[in-house]
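Me: I'd like to learn how to read the charges and salt bridges in a model. Can you walk me through this one?

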Amino acid sequence: MTASTRIRAEEPGDHAAVFRVNAEAFGQEVEARLVDALRGSSAFIPELSLVAVRDGEVAGHILFSRISISGSTSASALALAPMAVLPACQRLGIGSALVRQGLAEAARLGHGAVIVVGH
């Protein structure tokens, strides 16, 4: 990751840029719409929707949201999905930086488990 890239919490003014990053990274709008839907749900944790800003532009996004794992017992965890980086900015370490910062912030907030959704 370059020195001109910083990770911060998403702000309301970032919504359109986050939509664009997800749509371009995945080549479709499904993940971008998922982020929009999660923002309006009780699963959304504003501190865990992070953006990577590179040269003044949102170049990446990661979202951790609340989930419940059910079986013979139930447990709370976070889902990591989606994570996206603009195609022109991929392979620069931005995704890895988003994951590291997101996991650190999740731990700081007291979350103990993260499930990665996707590949």
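Me: How many positive and negative side chains does the chain have, and how far apart do the centres of the two sets lie?

Reply: Lys and Arg count as positive, Asp and Glu as negative, with His and the chain ends not counted. Each charge is placed at NZ of Lys, CZ of Arg, CG of Asp or CD of Glu. Here that gives 10 positive and 11 negative side chains, with the centres 5 Å apart. Keep in mind that this is a predicted model, where local features need pLDDT of at least 70, side-chain atom pairs count only at pLDDT 80 or more, and totals for chains, interfaces and linings use all residues. Residues are numbered from 1 along each chain as its sequence is written, and side-chain values use heavy atoms, leaving out hydrogens and water.

Me: What does the count of salt bridges come to?

Reply: A salt bridge is a side-chain nitrogen of Lys or Arg within 4 Å of a carboxyl oxygen of Asp or Glu. By that rule there are 8.

Me: Which residue forms a salt bridge with glutamate 10?

Reply: Arginine 39, with the closest N and O atoms 2.5 Å apart. Helices (H or I, at least four residues) and strands (E, at least two) are DSSP runs, numbered from the N terminus. Arginine 39 sits in helix α2 and glutamate 10 in the loop between β1 and α1, so the pair ties together parts 29 residues apart in sequence.

Me: Is arginine 39 buried or exposed?

Reply: Buried means under 20% relative accessible area, exposed over 50%, partly exposed in between (1.4 Å probe, protein chains only). Arginine 39 is buried at 15%, and glutamate 10 is buried at 12%.
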